[in-house]
Amino acid sequence: MTEKEFIAFREELKLHSIVLPMKIVRRIFKIATDVKQRGKSDVKRIIDETAFQTKISYRRMKSKKRTHNVFTARVLAMNLIKLRTNLSQEEIGKLFNRDHATVIYAEKYFNDPPPNDVEFIRIKEKLLKTV
């Protein structure tokens, strides 16, 4: 963050009768930036691990393909991101070029997969342990 952004944030706090020393404002920005970066790295790690386990690239997960193996990878990645980050359903959907309704459906499938989808269940259990 630039000095100008710090000062603007501090002035905004003053509007709400909150006065903080510049040192505290800098610390708040550092923590917020660290959390944001950690969230991004978590998403990348989850997507990379899901791609590795399912042998489906992130590019294919984002595609319009609806084949079962692509669907499986997408459902797993979406739900692991939902479980491990603070991203909203809308934000998760955008990562995969989908809307929030798709994320809701993926969550239902993730939580109650058909018993005959043994491969999905196996990969899900493995990813929940490693991610």
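This note concerns the salt bridges of the structure shown above.

1. The model is predicted: local features need pLDDT of at least 70 and side-chain atom pairs count only at pLDDT 80 or more, while totals for chains, interfaces and linings use all residues. Residues are numbered from 1 along each chain as its sequence is written, and side-chain values use heavy atoms, with hydrogens and water left out.

2. Searching the whole structure gives 4 salt bridges (a side-chain nitrogen of Lys or Arg within 4 Å of a carboxyl oxygen of Asp or Glu). Side chains of opposite charge can pair when their charged atoms come close.

3. One of these salt bridges joins arginine 45 to aspartate 42, with 3.6 Å between the closest N and O atoms. Both residues belong to helix 2 (residues 22-54) and stand 3 residues apart, about one turn of the helix; helices are DSSP runs (H or I) of at least four residues, numbered from the N terminus. Aspartate 42 is buried, at 18% relative accessibility, whereas arginine 45 is partly exposed, at 40% relative accessible area. Buried means under 20% relative accessible area, exposed over 50%, and partly exposed in between (1.4 Å probe, protein chains only).

4. Glutamate 90 and lysine 94 form a salt bridge whose closest N and O atoms are 3.7 Å apart. The two residues lie in helix 5 (residues 89-95), 4 residues apart, so about one helical turn separates them. Both glutamate 90 and lysine 94 are exposed.

5. In helix 7 (residues 118-130), arginine 122 and glutamate 119 are 3 residues apart, about one helical turn. Their salt bridge has its closest N and O atoms 2.6 Å apart. Arginine 122 is partly exposed, with a relative accessible area of 42%, and glutamate 119 is also partly exposed, at 44%.
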